[in-house]
Amino acid sequence: KNLGKQYAYPMPPNMDEVFKESDAKTPIIFVLSQGADPTNIILRFAKQIEANVKMISLGEGQGPIADDKIAKGKVSGDWVLLSNCHLCKSWMPDLKKHSEILVEGKLSGTDQMEDPPNKNFRLLLTSMPCSYFPSYVLQNGIKITNEPPRGIKANMSSNLGLLSDAKLKECNKQKNFKSLVFSLCFFHAVLQERKKYG
C-alpha cells in the first residue's frame, strides 16, 4: 500500500554506483529529457573523487576538438564529458569509432591494436534521444536516464538537496542567504511547472 518516496519521485543518478560499475573502456551515457541536466551532478562527483574533467558542448564544428580531448584523456586519465551529442549528427560515426577502440582495443576490420586507455579515463556522454545516436555506443555503454522532478515540491526537494549544510553556512549572513536560496529554488520550481503550459 505504501511503497515509499523512492518510488514516487525520480531520484538523481547515484554517481558512486555508476562509477563503481564503469571502467575506462565503457562509455557512460546520460539520456536527457527536457529540463534535466546531469552536468552539475557529474562535476560535483568528479570534484569529490578528485578527477579532472574536460568538458565540451558538442555542436557544429566541435568534432575535431572532441577527438583531441578523447585522445588526450585516454593518455592522461582525465574524464571527458561530451554534452549534447544529439546536436552533432555529423560526428556520430567518429563517436562510434572512438567507442570501438575503447571497447575492443581496435577499429573493426583492422588488426592494428591501440594502446589501452589509462585506468582513470572515463568517457561521459549526454544526449537527447535521437535515431542517429550510434547503437554500438548504446550497446556497450552504461545508460542512465535523468528526468526532471515532477511538481513544485519534488523540484524544490531536488534543488535544495543538492546543497550541503557546509555550503549554506559559508555565508556570513546565513538567514538572508538561506531565504534567498529558498526563494530562488521556489522561483525555479514554479518556472519549470509553468513551462508545461506554454
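The protein chain holds 9 helices and 5 strands. Helices (H or I, at least four residues) and strands (E, at least two) are DSSP runs, numbered from the N terminus. This is a predicted model: local features need pLDDT of at least 70, side-chain atom pairs count only at pLDDT 80 or more, and totals for chains, interfaces and linings use all residues. Residues are numbered from 1 along each chain as its sequence is written, and side-chain values use heavy atoms, with hydrogens and water left out.

**Overall layout**

- Along the sequence, the elements of the protein chain follow α-α-β-α-β-α-β-α-β-α-β-α-α-α.
- Taken along the principal axes, the C-alpha atoms fill a box of roughly 65 × 40 × 40 Å.
- Of the 198 residues in the protein chain, 37% are buried (under 20% relative accessible area; exposed is over 50%, partly exposed in between; 1.4 Å probe, protein chains only).
- Take contacts (heavy atoms within 4.5 Å) between residues at least 6 apart in sequence: 78% of them join residues at least 24 apart.

**Surface and charge**

- The protein chain exposes about 12,500 Å², and carbon and sulfur atoms supply 53% of that area (Shrake-Rupley method, 1.4 Å probe; for residues, only the protein chains shown count as cover).
- The chain carries 27 positive and 20 negative charges, and their mean positions are 11 Å apart.
- Lys and Arg count as positive and Asp and Glu as negative, while His and the chain ends are not counted. Each charge is placed at NZ of Lys, CZ of Arg, CG of Asp or CD of Glu.

**The sheet**

- An open sheet of 5 strands runs in the order E2-E3-E4-E1-E5, with parallel pairing (two strands pair if DSSP finds at least two bridges between them).
- Strand E2 (53-57) and strand E5 (142-146) are the edge strands, each pairing on one side only.
- Neighbouring strands are turned by 15° against each other on average, direction ignored.
- Strand E1 (residues 28-32) and strand E4 (residues 122-127) run parallel and are joined by 4 bridges. Ile-29 has Leu-125 as its bridge partner in E4.
- Helix H3 (residues 39-48) packs on the sheet and touches E1, E2, strand E3 (79-83) and E4. Its direction makes about 170° with that of E3 (axes are lines fitted to C-alpha atoms, for helices over the stretch in contact; angles run from 0 to 180 degrees between N-to-C directions).

**Positive phi outside glycine**

- Glu-50 sits in the loop between H3 and E2. Its phi is near 60°, and Glu-50 is exposed at 73% relative accessible area.
- Asn-84 lies in the loop between E3 and helix H5 (92-104). Its phi is about 60°, and Asn-84 is partly exposed at 23%.
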